[in-house]
Structures are given as C-alpha cells and as structure tokens.
Protein chains: 2
Amino acid sequence: MVDELHLKNVPKATAKRLPLYLRYLNMLQDSGVTRIKSKEFSELTQVPSATIRRDFSHLGELGRSGYGYDVAYLIEVFNEILNTDEEKRIVLVGFGNLGKALAKNNFRRNNNLNITAVFDSDPAVYGQKIDGHYVHPMSELKQVVADLGSTVAISTVPSQYSQSAVDQIVDAGITAILNFAPDRVDVPNNVHVQYIDLTTELQTLIFFDENYQKKLAERLG
Amino acid sequence: MVDELHLKNVPKATAKRLPLYLRYLNMLQDSGVTRIKSKEFSELTQVPSATIRRDFSHLGELGRSGYGYDVAYLIEVFNEILNTDEEKRIVLVGFGNLGKALAKNNFRRNNNLNITAVFDSDPAVYGQKIDGHYVHPMSELKQVVADLGSTVAISTVPSQYSQSAVDQIVDAGITAILNFAPDRVDVPNNVHVQYIDLTTELQTLIFFDENYQKKLAERLG
C-alpha cells in the first residue's frame, strides 16, 4: 500500500514522530473520532501543524487540505510503515533496578513489543522469575536469541561493562540495541544502537528552562 | 566569558549535544589529553565532525582550524553554559520500579544533579528510605519544593495519573519536568516538559534497523 520509494526516504526526524502519531491516532479511534485536521492533531500531540503536514507529505497522499485526514487510513498506513503487526521478541540484558523496572512494565501498552528473555552476568539472579520469564546467564544469550529469532536487545548494563555486554549481544546476532549506558560503544556497521541518556536529557531541559526563566525575569523586571 | 548573545542563540539541537560533549571532554582531561581536533572528537563521540564544528561555532571562538581545541578551555566554556557548577536539587515523583531505579542510581556520575526528595501518593511507601531520603506524601510536595528551592522534577507517574501529578508539580513551583509518561500533558507556558518515551525510541530503532537489513539483503541477494 505504501509506496516503497516513499518508505525508504522517510527522514529520521519524521520516523521518530511516527510512533507518537500512531499512539494518538489509536486514542482518537478509540474515542470514535474518524477524521482529524492537522491543526487539531497538532494541539493533541503538541507537534507544530506545519511539521505534521511535512511529515505526512513524506508518506504519500494521506489527506486533503481543508478536509483533514482519515484516522483509520492513517492508522493503517502507519502500522504498515512501522511494521507493528509483527511481534518483536526483545531480549533484555542487565537485571538491576532499571532492568527490573523495564521487565515488569514490558511495554504493556504495545502488544507487539515483548521482552521475551532476560539475561544477567550475576549468578545470584539466575533463575529468578520476572513477568513469566526466568533470568538466564549470559552464556545462554546466543542460543536463546537464535531460538527466539530476536533481532532487538535492550541493555541496562552499566557504562564500565557496556562495551563487553554489547560485544556479546552483537555476537549473538542482534542488530538493534537500545542502550541505557550513554557512553558510545563500537559496533559493526550493520548494527544500530540507540542511546537513552537521562543525564543529557535532564541537563538539556534544565539549560532551556534556566535560560527561559532568566529571559522572562529580565522582561518582567 | 561566554558572549550572552551567543548563549541565547544556541539552537536546541546543539544544546542537546553539549552535555555529551562535556562528558567526553572530562574523560579526555582525566586521561591527560589537552588538545583535540574535531575529527578525533568526532570518532570518540560518534557525532559527525561537521556537526561538531557547527555546534562549536554557535558558542563563539573556541578553536583554530588545524590546531584543534583546547580541552580545558572547552570544559570551562561548556560548564559555564550548562551552569553545571550549581547544584540542582531534583524532586522525584512516583516511587514505583522506575522511580526506585532512578533514586538508587541518582545520576552518580554527575555531582551536581541530585534527587533530593522523593514523593508518592501511596501511603504504603511513605517513610521508606532510599539513598538517604525518605519518601514523602504528595501533600508535602509544595512545602519541600519551597524549602529546597527546587525548580526541576522527574515524574515516573503512569500515564493515567500523569496530568494530575504534573498539575501538583507545577502548583508546587517547579518549571522543568522530565516526564516518563509519554502522553502529552497541559502545562502553563513558563513550564518545560521533556518526555522520555521508551516505546517510541524502541519503535524508531526497530524501524531503521529493519529497513536497513531489508536493503542490505536486497543488495546482497
């Protein structure tokens, strides 16, 4: 349905917003809304309406000016682009506090993202049960990844051991890694790493807030 | 030291990379490195060197072509821009698994980001001690924020209660919120919210990885 050419040329910034758009479209459909204008969708998602129109334009003919967008059609297109109908069996490496939190939450609002196996290097946690799954030793990673057909891993292994954990993850055949250790790791060209860097997010937020409050105070004072 | 005009005009994309740059500069300094070229810095941070040069150019005269950048000077400038010398007393709202993980980790690698008080609405956890601090009831939020002089909060409150929690956080005088519930909340214009949306990060990563692997397979096969 979606033009392959369009799909391949989706800019990264646009692709980043697709899951957000999809979540809100599903919420709209659940509320019985069948059609939405970019301005209304902008208010809901807090993404500027010009950005929404530009993002949608990368994906082909999705709506008409003035008429708005058909919610069900957008959902169909976005699901196809994001391939959300296919279950992703995710392996989680690192069963500390953060790993526990992720395993317990397990992307419940998204039926097709499932943490299916958990690994740690600490023998003390082997065999612990979390959300129906046992914690495996790292030595079983390669076999379990092959058995599950997984291509996606989440690593919560701390920075000092992150490269070593990622090496084992890559060796097991994983090509997409969400890494909660912000220090950059070396991976082969065909492996994608996305870093979650909470310190950076927080520092950036504080930077913008402090500058804004300072300017506000100057203007008022 | 840093030109105020420059500071105010730092693009958001640049500001987002400053904490990352600063972390690597500190690592370089710890290893005894005193000067670095943008190409070397690019290899370390995995940010394209053209991006690094453009980012640095927004911040004034930081180095000379061919000579490279003085590490100690960059650290001084970036610390000043990010105001990292000042302690940020962060309040954490929501003491579930994720809240516990954040409170225990408490940005240890960053001396001036400190979770200083923890709040929850569940009486069962009031008075629990975490990293030297007791969990407070939400009713004490306003008083504690005033006592601490906090302007920054982290919310791990689940989506369905997120707006209500954020309303209380804003009412307490907080202007910067890191929110782990991805659904957009309404806040006054002077309040900044940064969303951590792990599902979106994961879906985007999978989208790029699957498209890349598909193209790679086509090329090889």
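A polar contact is a pair of N or O atoms within 3.5 Å; within protein, one must be able to donate a hydrogen and the other to accept it, and residues adjacent in sequence count only if both atoms are side-chain atoms. Between chain B and chain A, 24 residue pairs are in polar contact, both residues at pLDDT 80 or more.

This is a predicted model, in which local features need pLDDT of at least 70 and side-chain atom pairs count only at pLDDT 80 or more, while totals for chains, interfaces and linings use all residues. Residues are numbered from 1 along each chain as its sequence is written, chains are lettered from A and ligands numbered from 1 in the order in which they are written, and side-chain values use heavy atoms, with hydrogens and water left out.

**Stop 1: the interface**

Show both chains. In contact (heavy atoms within 4.5 Å) are 71 residues of chain B and 71 residues of chain A. The buried area (accessible area, 1.4 Å probe, that two parts lose on being put together, summed over both) is about 6100 Å², and carbon and sulfur atoms give 61% of it.

Next, select B:R23 and A:D183. They form a salt bridge (a side-chain nitrogen of Lys or Arg within 4 Å of a carboxyl oxygen of Asp or Glu), with the closest N and O atoms 3.1 Å apart.

Now select helix 9 of chain B, residues 198-220, which supplies 19 residues, the largest share of the side of chain B that touches chain A. Helices (H or I, at least four residues) and strands (E, at least two) are DSSP runs, numbered from the N terminus.

**Stop 2: the sheet of chain A**

Select the open sheet of 7 strands in chain A, with order 6-7-5-4-8-9-10 and mixed pairing; two strands pair if DSSP finds at least two bridges between them. Strand 6 (129-130) and strand 10 (192-195) of chain A are the edge strands, each pairing on one side only. Helix 9 of chain B packs on this sheet, and its direction makes about 165 degrees with that of strand 10 of chain A. Axes are lines fitted to C-alpha atoms, for helices over the stretch in contact, and angles run from 0 to 180 degrees between N-to-C directions.

Within the sheet, strand 5 (residues 113-120) and strand 7 (residues 133-137) of chain A pair in the parallel sense over 3 bridges. Select A:F119 to find its bridge partner in strand 7 of chain A, A:H136.

**Stop 3: the sheet of chain B**

Move to chain B, where 3 strands form an open antiparallel sheet in the order 1-3-2. Strand 1 (35-36) and strand 2 (63-64) of chain B are at the edges with a single partner strand each, so one side of each has no neighbour in the sheet. Select B:I36: its bridge partner in strand 3 of chain B is B:Y69.

**Stop 4: a helix in chain A**

Finish at A:K39 and A:E43, which form a salt bridge with the closest N and O atoms 3.6 Å apart. Both lie in helix 3 (residues 38-45) of chain A, 4 residues apart, about one turn of the helix.
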